[in-house]
Amino acid sequence: MSTVVLVGAQWGDEGKGKVTDYLAQQADLVVRYQGGNNAGHTIIVDQTTLQLHLIPSGILYKDKLCVIGNGVVIDPEVFFEELENLNKMGITGENLRVSDIAHLIMPYHKLLDAFEEDKRGEMKLGTTKRGVGPAYVDKYARRGIRIGDLFEPDLFREKLRRALEYHNFILTGIYGAKPLKQSEIEDKYLAYGERFKKYVQDTSLLIYEAVKSDKNVLFEGAQGTLLDIDHGTYPYVTCSQPVSGGAATGAGIGPNYIDKIVGVAKAYTTRVGEGPFPTELTDEIGDYIREKGHEFGTTTGRPRRCGWLDGVVLKYAARINGLTSIAITKLDVLSSLPVVKICTGYKLDGKYIENFPHNLGELLRCEPVYEELPGWEEDIGGARKIEDLPPNAQRYVRRIQEITGLKISLIAVGPAREQTIPLEDVF
Ligand code: IMP
């Protein structure tokens, strides 16, 4: 019995949904620990496709508990909309649990996300405008409202009054917007509170008890290491901690209860939104990867920027997260390319470096140094064992293993659950 953290090793969208879905088969609990409805994954049930942004994909397994931890910020409107859509597909959500101390995304957070982003002009970050960043800002400004506050109407009203006093000042004074009305938000959110009651509890205790009774727990990170508020390409980052350390704080468990940490990495690299991306391809190979890999954002529909696999990024992710293995996704997308490249270092101001630089200016000046490997023609969607892969695809995977010094736990060769090559037991 063990606990596994699944973390994005790049800039998000690594295919964590598919890997979570695969590993969840062996889990008793699936826990999401950070982010909000800025994330997104597509689920397919009986030929019906649904996009989820907040509720973890573990919800598909009726016999597993699916937990939204305290580190997540929750937009109640999105939460109940997703739940209703799941209900229509016959998924009741009875197995869903939500932390009583998770913070709420409020209407002013969504407005501010859009206004702040517009005000940044050329320095825009490319946020998803879902209010996620401003909700975390309020959390740290100790102005945030938590789900549990909805069950104490007087306390909630007073917290809202204070928050609105501040935010209406900003909304009207800086952005020339209309002030928001307390009564409208109050009624709506107190009604949400009633609906939340059956899902909300102390999830830290729930997880602790599961760990103590030898259950398998899967912690699912959203976004990725390079979007981490501390360790990502600041300021082009999200406002939470996708790194494995975030699982401990965002789920409320001690780090000593984490057994394994799996980094999920695409066989190439993508990034959505602004910010440095050393191996970005702005040529026809980038376009080819985008089309073949359907690289368009689940949340905003934006085309993702595409590029070669960056070994420097992966080594950085291995170090920051303490990865115990890597799961490679979308290897099938690279089929038919005559040559595939892996970045093994950067050239910075005439010097060769192998460590990911923190300084934004330096990172922007980095030029990737590539190793070229021969590609493979074959469609590999039907491969189920490593030996089923063409020798050049096997060689590509081996190189990732050598460069990162990590075991590869699984390889995904298509979106379906069975299009997976398991290499190591994760649990
Ligand atoms: P925010 O999280 O909406 O504040 O956006 C901050 C940055 O993180 C932007 O560059 C977004 O495009 C990026 N981002 C947020 N969520 C995701 C995700 O789930 N996948 C990839 N990028 C994301």
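A polar contact here is a pair of N or O atoms within 3.5 Å. With that in hand I looked at the ligand and found one of its oxygen atoms 3.2 Å from a polar backbone atom of Gly126. I keep in mind that this is a predicted model.

**Entry: the ligand**

I asked which residues come nearest to the ligand. There are 15 residues around the ligand, and the nearest are Asp13, Asn38, Thr128, Thr238 and Arg302. I then checked two of these side chains for polar atoms. Asp13 places a polar side-chain atom 3.0 Å from a nitrogen atom of the ligand. Thr238 has a side-chain N or O atom 2.6 Å from an oxygen atom of the ligand.

**Entry: the domains**

Next I looked up how the protein chain is divided. The assignment lists domain 1 as 3-92 + 202-422 and domain 2 as 103-196. I noted 29 Å between the centres of the two domains, taken over C-alpha atoms.

Then I turned to how the domains touch. I found 25 residues of domain 1 in contact with 21 residues of domain 2. The size of an interface is often given as the accessible area lost when the parts come together, so I looked that up too. Domain 1 and domain 2 bury about 2100 Å² between them, and 58% of this lies on carbon and sulfur atoms. Which three residues supply more than any others of the area that domain 1 buries against domain 2? They are Val73, Phe80 and Cys239, which together supply 27% of that area.

I wrote down four salt bridges between domain 1 and domain 2. I also looked at the salt bridge in which the side chains of Glu274 and Lys124 meet, at 3.6 Å from N to O.

On the side of domain 1 that touches domain 2, the elements giving two or more residues are β6 (73-74) and α2 (76-88). The most comes from α2, with five residues. By class, I have nine nonpolar, 11 polar and five charged residues on that side of domain 1.

**Entry: the loop between β10 and α8**

My last stop was the backbone. Most residues other than glycine have a negative phi, and most peptide bonds are trans, so I was pleased to come across exceptions. Tyr234 and Pro235 are joined by a cis peptide bond, with omega about 5°. I placed Pro235 in the loop between β10 (217-220) and α8 (245-251). Gln223 also sits in the loop between β10 and α8. Its phi is positive, near 55°, and Gln223 is not a glycine.

Methods. Residues numbered from 1 in each chain as written. Predicted model: local features only at pLDDT ≥ 70, side-chain atom pairs only at ≥ 80, totals over all residues. Heavy atoms only, no water. Domains from an automatic or database assignment. Contact = heavy atoms within 4.5 Å. Buried area = accessible area lost by both parts, 1.4 Å probe. Helix = DSSP H or I, 4+ residues; strand = E, 2+ residues; numbered from the N terminus. Nonpolar A, V, L, I, M, F, W, Y, C, P; charged D, E, K, R; others polar. Near = heavy atom within 4 Å. Polar contact = N/O pair within 3.5 Å; in protein donor to acceptor, adjacent residues only side chain to side chain.
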